[in-house]
Amino acid sequence: MSVFVALVVRLATIVSWLLDIYIWIVIIRAVLSWVRPDPYHPIVRFICNLVDPVTYRISQIIPTRVGMVDLAPLILIVVVQLIRSYLLPTLISVLVGL
């Protein structure tokens, strides 16, 4: 059973790292919106394809525009942090308890 527990903990660590990386990608996307880079650059397109669909859905559910500022990236970061801080440890404890 300890091999299963070690596997679950290792997978949780990897998921936590991926969520950290996604938070940084969201921050980079917010900074890119201020700079106006070349929209055809492959890295810019990759970042926009990762973040824009999620922030668009958030904007459909909650009004996120305050003047000229869009709060959807901030809401996305908060949601990802909640998943990382509360949901991931809860899932680990449930799986380890099996």
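**Close-up views of a predicted model**

**View 1. Thr 55 and its contacts.** Leaving aside neighbours within four places in sequence, Thr 55 touches Ala 72, Pro 73 and Leu 76. The model shown here and in the other views is predicted. Thr 55 belongs to helix α2. Its relative accessibility is 10%, and buried means under 20%, so Thr 55 counts as buried.

**View 2. The crossing of helices α2 and α3.** Helix α2 covers residues 42-61 and helix α3 covers residues 72-97. Their axes come within 9 Å and cross at roughly 100 degrees. Angles of 65 to 115 degrees count as roughly perpendicular, and α2 and α3 are therefore roughly perpendicular to each other. On the α2 side, the contact is made by Val 51, Val 54, Thr 55, Ile 58 and Ser 59. On the α3 side, Ala 72, Pro 73, Ile 75 and Leu 76 take part. Sorted by class, this contact of α2 with α3 has seven nonpolar residues, two polar ones and no charged ones.

**View 3. Helices α1 and α3 packed together.** The axes of α1 and α3 are 10 Å apart, and the packing angle is about 180 degrees. Angles over 145 degrees count as roughly antiparallel, which means that α1 is roughly antiparallel to α3. Among the contact residues of α1 are Phe 4, Val 8, Val 15, Leu 19, Ile 23 and Ile 27. Those of α3 include Pro 73, Leu 76, Val 80, Leu 88, Ile 92 and Val 96. The residues of the contact of α1 with α3 divide into 19 nonpolar, two polar and two charged.

**View 4. Phe 4 in helix α1.** Helix α1 spans residues 2-35, and Phe 4 lies in this helix. Phe 4 has a relative accessible area of 35%. Buried means under 20% and exposed means over 50%, so Phe 4 is partly exposed. In sequence, Phe 4 and Ile 92 are 88 residues apart. In space, the distance between Phe 4 and Ile 92 is 11 Å, C-alpha to C-alpha. Both residues are part of the contact of α1 with α3.

**View 5. The largest pocket.** The volume of the largest pocket is about 660 Å³. Its lining is made up of 24 residues, and those nearest its centre are Arg 29, Ala 30, Ser 33, Asp 70 and Pro 73. At least two lining residues come from each of α1, α2, β2 (69-70) and α3. The most come from α1, which supplies seven residues. By class, the lining has 16 nonpolar, three polar and five charged residues.

Technical notes
Residues numbered from 1 in each chain as written. Predicted model: local features only at pLDDT ≥ 70, side-chain atom pairs only at ≥ 80, totals over all residues. Heavy atoms only, no water. Axes fitted to C-alpha atoms, helices over the stretch in contact; angles between N-to-C directions. Helix = DSSP H or I, 4+ residues; strand = E, 2+ residues; numbered from the N terminus. Parallel < 35°, antiparallel > 145°, perpendicular 65-115°, else oblique. Contact = heavy atoms within 4.5 Å. Nonpolar A, V, L, I, M, F, W, Y, C, P; charged D, E, K, R; others polar. Buried < 20%, exposed > 50% of the residue type's maximum accessible area, 1.4 Å probe, protein only. 1 Å grid on protein atoms, 1.4 Å probe; cavity = no way out; pocket = protein on both sides within 12 Å on 5 of 7 lines; lining within 4 Å. Points joined across faces, edges and corners; volume = space filled by probe spheres on them.
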